[in-house]
Amino acid sequence: EYELASAIRQATTRQKARIAFLEGHGELQEMETADIANALSAQYDVSRVRIDGRVDALSTKNEGMRYRVNNFEALIIAGPDSTFSDRDRYVIDQFVMNGGRILWCIDAMDPHLDSLRQRQFSMATARELGIEELLFAYGARLNKDLVLDKSCAPIEIFTQPYGNQRKLERFPWYFEPVSVPQSAHPIVANIDPVHFRFAGTIDTIGVDSVRKTVLLTSSPLSFAQQNPVRVSLSIVEMDQGFERRSTPHLPLAVLLEGSFRSAYYDRLPGAIRSDKDVAFRERSPRTAQLVIADGQVIANRVDAAKGMYYMLGFDRYANAKLYGNRELILNAMNYLLDDRALISIRSRAITLRPLDADQVEQR
């Protein structure tokens, strides 16, 4: 039913909504988001964009109009690892103020995976991206921590030699939580568990005009370690004491909906605020943003040697697609862009009601 409705929509839509993947701050490379970009391109016009301090990178000021008009309906910010300049932050803020939607997939901590591969351990430290003030103004705060969860993906590690060969064994890797959706919200309804890698937690901030909905959480047996965090492969052999010190259901993904107030409303000089070419906007119309405390949740596995990538949600140990990351992102973009008809079909639950065997036999 969804495929039929999607095909009809594609054939009858004259102008597709525009989605842009942001570049220029160490975001995921094009190959790492190729699968979800291809999936989205069936419904939307998908491109990549760099701001580089240009005020008109995401919007255009048309003659005679009071405010700027966005060049895209939605923006995806996937896994940045370097600081956003103040001009770039301002451009993103005004994109939201003009009604733009944003999917934030952000790593607040850097696990330093190169050190982990070489030395079997590393120290995860906080990333200073500069976007914290934007998210805080919109109603969310990314905490500088890492979640350890008993419900997690596996990892294969070489253990003690077995005869003349090293033995490869599989262990639970607590730094990669697998979140089973509990919410009935259409973004996460009826999707497979979502695989996170080195995820953090999110706090919601009291902003009266914004409604916050927690979409994904950790399991009841989980806890968060604060910055800095020692990441070691030896953790697989240790008792983490989840039964003794767990903090259940830590928020990993939060939906923000409503009218957002600019993070710059009390910071711009009066001359700039009144400049018609700048067209500063203090408050947005009703719009939405989704904040996910993991930059890798949108990344597909890449085989650089073969020059190929795998479907988002693919598990290399099972050699099959196990996780619902792909459906999560597709549902999220459908919801953010108000494609409620499509998302309602995909999230529809069909309840089987078997006949009473005794009554059937009697009649």
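Predicted model: local features only at pLDDT ≥ 70, side-chain atom pairs only at ≥ 80, totals over all residues.
This note walks through the main features of the chain, point by point.

1. **What you are looking at.** Residues are numbered from 1 along each chain as its sequence is written, and side-chain values use heavy atoms, with hydrogens and water left out.

2. **Overall build.** The chain has 10 helices and 23 strands; these are DSSP runs numbered from the N terminus, with helices (H or I) of at least four residues and strands (E) of at least two. Its radius of gyration is 22 Å, close to the 21 Å from the globule rule for 363 residues, so the chain is as compact as a globular protein of that length. That radius is taken over C-alpha atoms, and the rule is 2.2 Å times the number of residues to the power 0.38. Along its principal axes, the C-alpha trace spans about 75 × 70 × 45 Å.

3. Of the 363 residues, 50% count as buried, meaning under 20% relative accessible area with a 1.4 Å probe and protein chains only. The chain exposes about 18,100 Å², and carbon and sulfur atoms supply 48% of that area (Shrake-Rupley method, 1.4 Å probe). Among contacts with a separation of 6 or more, 75% are between residues 24 or more positions apart; a contact means heavy atoms within 4.5 Å.

4. **An enclosed helix.** Take a look at helix H2 (residues 34–41): six of its eight residues are buried, so the helix is largely enclosed by the rest of the structure. Those buried residues are Ala-34, Asp-35, Ile-36, Ala-37, Ala-39 and Leu-40. Their cover includes strand E1 (18–23), E2, strand E5 (74–78), strand E21 (308–309) and helix H8 (325–336).

5. **A stacked pair of rings.** There are nine aromatic pairs in the count. Rings of Phe, Tyr and Trp (its six-membered ring) pair if their centres lie within 6.5 Å; planes under 30 degrees apart count as stacked, over 60 as edge-to-face and the rest as tilted. Tyr-90 and Phe-280 have ring centres 6.4 Å apart and planes at 15 degrees, so this pair is stacked. Tyr-90 sits in helix H3 (residues 86–97) and Phe-280 in the loop between helix H7 (270–273) and strand E19 (287–292), so the pair ties together parts 190 residues apart in sequence.

6. Trp-173 lies in strand E12 (residues 165–179), while Phe-198 lies in the loop between strand E13 (194–195) and strand E14 (202–204), 25 residues apart. Trp-173 is buried at a relative accessible area of 2%, and Phe-198 counts as buried at 9%.

7. **Backbone details worth a look.** Phe-198 also has a positive phi, near 50 degrees, in a residue other than glycine. Asp-52 likewise is not a glycine and has a positive phi of about 50 degrees; Asp-52 is placed in the loop between strand E2 (45–50) and strand E3 (59–60). Finally, a cis peptide bond joins Asn-227 and Pro-228, with omega about -5 degrees. You can find Pro-228 in the loop between strand E16 (222–226) and strand E17 (229–232).
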